[in-house]
Amino acid sequence: MAYTAMSGNGTTAGDDPLQTAVWRLRSRACWADAAALLQPVTAQAALQRAALLVERCLYTEQGWEEAEDALRTAEALAHSDDERGAAACERGQLAYAATLHSVRDRADEARAALGRAAALIPPGVAGRALLDFRRGLLAENLARSPQAARAAYRRAHAGATAHADPLLLSFTWRHLAGLALREGELAEARHGFAESLRIREELGYLVGTAPALASLADTETEPEATRLREEARRLFRLLGGVPTWLAGQLSPTPPAADAATA
């Protein structure tokens, strides 16, 4: 289904060639090219295509109309509870991204959509882990409730572990580490950021590697911190300044760690 497709499918030998091609493009910030490989004639393909374009909005702050169109197509093709839940989860993520990037305040829409997804996706299935993670994002970055965010991230972490979803694990490690860093738990934060970076490097998730390097640098001493930030800057330039929000974090005097997106 769409969740596994958006969580690393195509990253191992023997995977479907189409999924491998989609993953390679996605991991190199070529979301539009990856989406072009998918014909939205089935609910699964339409959901995966929409998810790719929603992710592009989060990382580039562009392509909002294309994502909306793809999402409407996915919603129209969704018939089972599983498919409708997946579409609602993507709707919530798009509304979250628009709010986060100050395109338009869609926080209420994000909460409502993720609430619908929670009613459709039962606990214990693979898609629930992604949903829990996204509910954590809302709690942390829109509701400013770190306790609720931590609980949601931990549920997502357990689900990603149970369903062998390494890419999602890289996100849960990263966001749990970000909360630990803000609370002054340096060793815990360093461990989480290091695990996130390790997984992303193993998967070849290039677009997520620069943020992981920059976050780990915030927990290291010199000269290691400078080395990590320089490598993050190199990858950031290589990908044409994506993710856009990382530019501020890679400035000579970076602000507090911002792991709101990746």
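**Burial, helices and cysteines in a predicted model**

User: Why is helix α10 called largely enclosed by the rest of the structure?

Analyst: In this predicted model, 13 of the 17 residues of α10 are buried, so the helix is largely enclosed by the rest of the structure. A residue counts as buried when its relative accessible area is under 20%.

User: How do you know that the span of α10 is close to the expected one?

Analyst: Helix α10 covers residues 166–182 and reaches 24 Å from its first C-alpha to its last. The expectation at 1.5 Å a residue is 24 Å, and the helix is therefore close to its expected span. After α10 comes G184, with a positive phi near 80°.

User: How much confidence does the predictor place in the protein, and which residues have pLDDT under 50?

Analyst: The mean pLDDT is 92, and 91% of the residues reach 70 or more. Over residues 1–8, however, pLDDT stays under 50. Where pLDDT is low, the predicted coordinates should not be read in detail. That caution bears on the 28 contacts beyond four places in sequence that the model has for residues 1–8.

User: Why does R56 count as buried?

Analyst: The relative accessibility of R56 is 16%. The limit for burial is under 20%, so R56 qualifies. R56 belongs to helix α4, residues 43–60, and its contacts beyond four places in sequence are W31, A32, E61, Q62, G63 and E66.

User: What makes A67 buried, and which residues does A67 contact?

Analyst: A67, in helix α5 (residues 64–77), has a relative accessible area of 0%, which means that it is buried. Leaving aside neighbours within four places in sequence, A67 contacts L53, V54, C57 and L94. A67 and L52 are 15 residues apart in sequence, with 8.3 Å between their C-alpha atoms.

User: How do you know how many disulfides there are?

Analyst: A disulfide requires two cysteine sulfur atoms within 2.5 Å, and the count by this rule is zero. For C30, the nearest cysteine sulfur is that of C57, 16 Å away. The sulfur of C57 is itself 15 Å from the closest cysteine sulfur, in C89, and this is too far for a bond.

User: Are C30 and C57 buried, exposed or partly exposed?

Analyst: C30 has a relative accessible area of 27% and is therefore partly exposed, whereas C57, at 0%, is buried.

User: Which residues have the most contacts inside the largest nonpolar core?

Analyst: The largest nonpolar core has 77 residues, and Y59 and V207 have the most contacts inside it. Beyond four places in sequence, the residues touched by V207 include W31, Y59, L239 and V242.

Technical notes
Residues numbered from 1 in each chain as written. Predicted model: local features only at pLDDT ≥ 70, side-chain atom pairs only at ≥ 80, totals over all residues. Heavy atoms only, no water. Helix = DSSP H or I, 4+ residues; strand = E, 2+ residues; numbered from the N terminus. Buried < 20%, exposed > 50% of the residue type's maximum accessible area, 1.4 Å probe, protein only. pLDDT = per-residue confidence, 0-100. Contact = heavy atoms within 4.5 Å. Core = buried A, V, L, I, M, F, W, Y, C linked by side-chain atoms within 4.5 Å.
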